[in-house]
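Q: I have a new structure to go through. Can we walk through it step by step?

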Amino acid sequence: MAPQLADLEVGQEVARTQVVVDRARLVRYAAASGDFNPIHWNERVARSVGLPDVIAHGMWTMGAAVGPVADWVGDPGRVLDYQVRFTRPIPVPDPGDATVEVVATVGLVDESAGTARIDLAVTLDGQRVLGKAQAVVRLS
Amino acid sequence: MPVDTGYAGREYAPNAVFEVGREHLRSFAAAVGAQHPAHTDTEAARALGHPDVIAPPTFAVVVAQRAEAQLFEDPAAGIDFSRVVHADERFTHHRPIHAGDRLVTVLHVDSIVERAGLAMITTRAEIAAEDGEAVATVVSTLAVRPEES
């Protein structure tokens, strides 16, 4: 049952999840996306350009963060618009992993357009890694 | 070599067709942890009215980056990828991308501006079906650090 626009209130939390990312996950994303920039899998290259470690693809983070919204809205095809700013990289240690927390809340309800804006707070150790992360979804 | 700001305003010819495959959508969905069955299960997608499995919302970046390569791999543009940081990204979906789509992309260089020593490059990939139907608009801004920083 898809959520109904009339039932939404600004500020309401609609989804919350934690996503774990490790090096294997980044290699998998590199293969699926075709983004083979070595800063996302080669520590030597990452450090040579001043990064603390291998970092996650920003586009992986963006993709992972919207999954809970697509699940909540009931059909990923209802995500009409999705934007983010990349504000802080996510270092991914080896051995180990990083845990990203995603909290999705209602930012705006537009009854005439039949859409809601869902705002995403995406954090690593309590610090935001994405800014202005907003998904516009179509609801009935 | 600095970024050539003269590329701002450029529009490229439509690029080669991108064929969207089911297995590619499934592997992309698995990579980003997109768990909705409409990405992997044809019947689940059809039950929602889609012709086939559909792409996760950020899959369009894979299509867009093929077109963006026309700019970034052009030595005359002066963009050194080792000095590039992704600043922001936006997807506007005119309809979902689905398996079986044959997509053609027109790349626009919307702006190149110097800000605080960084070159900010904003590109817009207009993704359409072969018959011209608008599918997605992908706007991406990259920051290029100067060589001595």
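**Chain A and chain B, in turn**

A: Of the 140 residues of chain A, 37% count as buried. Keep in mind that this is a predicted model.

Q: What is the order of elements in chain A, from the N terminus on?
A: The order is β-α-α-α-β-β-β-β-β. In total, chain A has three helices and six strands.

Q: What does the C-alpha trace of chain A span along its principal axes?
A: About 50 × 30 × 20 Å.

Q: And the contacts in chain A with a separation of 6 or more, what share comes from residues 24 or more positions apart?
A: Those residues account for 66% of them.

Q: OK, on to the pair. How many residues of chain A are in contact with chain B?
A: 28 residues of chain A are in contact with 29 residues of chain B.

Q: Which element of chain A gives the most to that side?
A: H3(A), with 10 residues. H1, H3 and strand S2 (79-86) of chain A each supply at least two residues there. By class, the side of chain A that touches chain B has 16 nonpolar, seven polar and five charged residues.

Q: Which strand of chain B does S2(A) join?
A: S2(A) is joined to strand S2 (residues 84-93) of chain B by five bridges, and the two run antiparallel. One pair to look at is Tyr82(A), whose bridge partner in S2(B) is Phe91(B).

Q: Switching to helix H1 of chain B. Which of its residues are buried?
A: H1(B) covers residues 22-32, and its buried residues are Leu25(B), Phe28(B), Ala29(B), Ala31(B) and Val32(B).

Q: Why do they line one face of the helix?
A: Seen down the axis of H1(B), the buried residues fall within an arc of 160 degrees, so they line one face. As background, an α-helix has 3.6 residues a turn, so residues three or four places apart point the same way.

Q: What covers them?
A: The cover includes helix H1 (23-33) and helix H3 (58-73) of chain A, together with helix H3 (60-72) of chain B.

Q: What comes just after H1(B)?
A: Gly33(B), which takes a positive phi of about 75 degrees.

Q: Now the later strands of chain B. How many bridges join S3 to S4?
A: 12 bridges join S3(B), residues 102-115, to S4(B), residues 118-129, and the strands run antiparallel. Ile112(B) stands opposite Ile121(B) in S4(B). The hairpin has two residues between the strands, and Ala116(B) takes a positive phi near 50 degrees.

Q: And S4(B) with S5(B), how many bridges there?
A: S4(B) pairs with S5(B), residues 134-144, over 10 bridges in the antiparallel sense. Thr122(B) has Thr141(B) as its bridge partner in S5(B). Four residues lie between these two strands of the hairpin, and Gly132(B) in the turn has a positive phi of about 100 degrees.

Q: What does Thr105(B) touch?
A: Leaving out residues up to four places away in sequence, its contacts include Pro14(B), Val63(B), Ala67(B) and Ile127(B). Ala67(B) is 38 residues from Thr105(B) along the chain, with their C-alpha atoms separated by 6.4 Å.

Q: Last one: which annotation covers residues 9-137 of chain B?
A: An unreviewed UniProt entry gives "domain: FAS1-like dehydratase" for that stretch.

How values were computed
Residues numbered from 1 in each chain as written. Chains lettered and ligands numbered in written order. Predicted model: local features only at pLDDT ≥ 70, side-chain atom pairs only at ≥ 80, totals over all residues. Pairing = 2+ DSSP bridges. Buried ≥ 20, exposed ≤ 12 C-beta atoms within 10 Å, placed from the backbone. Arc of directions from axis to C-beta. Contact = placed C-beta atoms within 7 Å. UniProt positions renumbered as here; feature names shortened; annotations may be inferred. Nonpolar A, V, L, I, M, F, W, Y, C, P; charged D, E, K, R; others polar.
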